[in-house]
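This briefing walks through one protein chain, topic by topic, for a reader who has its sequence and coordinates at hand. It begins with charged side chains and then widens to the fold and the surface.

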Amino acid sequence: MVLMVVPANSRAAAVALSRLFSGIVSTPSAQLIGVITDAIRGDSELPYDRYHAYQMGLIFTSAVMIAVFFCNLVTIVYFPKDCKAAEEWEKEEEVTENEHFPLIRNEQ
């Protein structure tokens with residue numbers, strides 16, 4: 001989807017930035033589960049409390065994954081419709097794109 005909204009001469013940079021951002025967001029997932037588990041467990045050192053807190057942490061992160069799934073599903077359904085509407089709007093308005101404007105400027 002990134003490739004459809006970025007000018008042709010900036011697509012490589014757009015894909016690289018997209019992958020960088022998704023890597024930064026997904027890297028600390030194990031630490032987030034640990035923080036959630038510690039917050040639920042509190043100061044208790046009982047094995048049952050530790051196990052229960054770990055279960056709740058995993059359930060919470062699974063719920064977030066399910067929410068993200070539904071957001072992606074909505075995007076998959078509406079994105080083609082939006083692209084068609086944008087193409088029709090461009091035809092009506094005769095919008096010209098500036099393909100020579102780079103996404104990342106190289107100022108040296």
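**Charged side chains and the overall picture**

Aspartate 38 and arginine 41 are joined through their side chains by a salt bridge, with N and O 3.0 Å apart. The model in which this pair is found is a predicted one, and its chain has four helices and zero strands.

**Salt bridges**

- Side chains that carry opposite charges can pair when their charged atoms come close.
- The count of salt bridges in this model comes to three.
- Arginine 41 and aspartate 38 are separated by about one helical turn, because they stand three residues apart in helix α3.
- Arginine 41 counts as buried because its relative accessibility is 19%, under the cut-off of 20%, whereas aspartate 38, with a relative accessible area of 41%, is partly exposed.
- Arginine 41 also forms a salt bridge with glutamate 45, and here the closest N and O atoms are 3.4 Å apart.
- Glutamate 45 in turn meets arginine 50 in a salt bridge between their side chains, at 3.2 Å from N to O.
- Glutamate 45 has a relative accessibility of 55% and therefore counts as exposed, the cut-off being over 50%, while arginine 50, at 44% relative accessibility, counts as partly exposed.
- Through shared partners, these salt bridges join Asp38, Arg41, Glu45 and Arg50 into one network.

- Threonine 37 belongs to helix α3, which covers residues 29–41.
- With a relative accessible area of 9%, threonine 37 is buried, since this value is under 20%.
- A polar atom of the threonine 37 side chain lies 2.7 Å from the backbone oxygen of isoleucine 33.
- When neighbours within four places in sequence are left aside, the residues in contact with threonine 37 are Ala53, Tyr54 and Gly57.
- For one of these residues, tyrosine 54, the C-alpha atom is separated by 5.2 Å from that of threonine 37, although the two residues are 17 residues apart along the chain.

**Aromatic residues and the nonpolar patch**

- A pair of aromatic rings is described by two quantities, the distance of the centres and the angle of the planes.
- A search of the whole structure finds one aromatic pair.
- That pair consists of phenylalanine 69 and phenylalanine 70, whose rings are 5.3 Å apart from centre to centre with 65 degrees between the planes, an arrangement that is edge-to-face.
- Phenylalanine 69 counts as partly exposed at 48% relative accessibility, and phenylalanine 70 is likewise partly exposed, with a relative accessible area of 47%.
- Both phenylalanines belong to a nonpolar patch on the surface, formed by Ile66, Phe69, Phe70, Leu73, Val74, Val77 and Tyr78, which together have about 670 Å² of accessible area.
- Tyrosine 78, a member of this patch, is placed in helix α4, which covers residues 47–93, and at 46% relative accessibility it counts as partly exposed.

**The chain as a whole**

- Read from the N terminus on, the elements of the chain run α-α-α-α.
- The chain has 108 residues, of which buried residues make up 11%.
- Among the contacts in the chain between residues at least 6 apart in sequence, 53% join residues that are at least 24 apart.

Note on methods. Residues are numbered from 1 along each chain as its sequence is written. This is a predicted model: local features need pLDDT of at least 70, side-chain atom pairs count only at pLDDT 80 or more; totals for chains, interfaces and linings use all residues. Side-chain values use heavy atoms; hydrogens and water are left out. Patches are made of residues with over 30% relative accessible area and no salt bridge: like charges are joined within 9 Å, nonpolar side chains (Val, Leu, Ile, Met, Phe, Trp, Tyr) within 5 Å. Accessible areas come from the Shrake-Rupley method with a 1.4 Å probe; for residues, only the protein chains shown count as cover. A salt bridge is a side-chain nitrogen of Lys or Arg within 4 Å of a carboxyl oxygen of Asp or Glu. Helices (H or I, at least four residues) and strands (E, at least two) are DSSP runs, numbered from the N terminus. Buried means under 20% relative accessible area, exposed over 50%, partly exposed in between (1.4 Å probe, protein chains only). Contact means heavy atoms within 4.5 Å. A polar contact is a pair of N or O atoms within 3.5 Å; within protein, one must be able to donate a hydrogen and the other to accept it, and residues adjacent in sequence count only if both atoms are side-chain atoms. Rings of Phe, Tyr and Trp (its six-membered ring) pair if their centres lie within 6.5 Å; planes under 30 degrees apart count as stacked, over 60 as edge-to-face and the rest as tilted.
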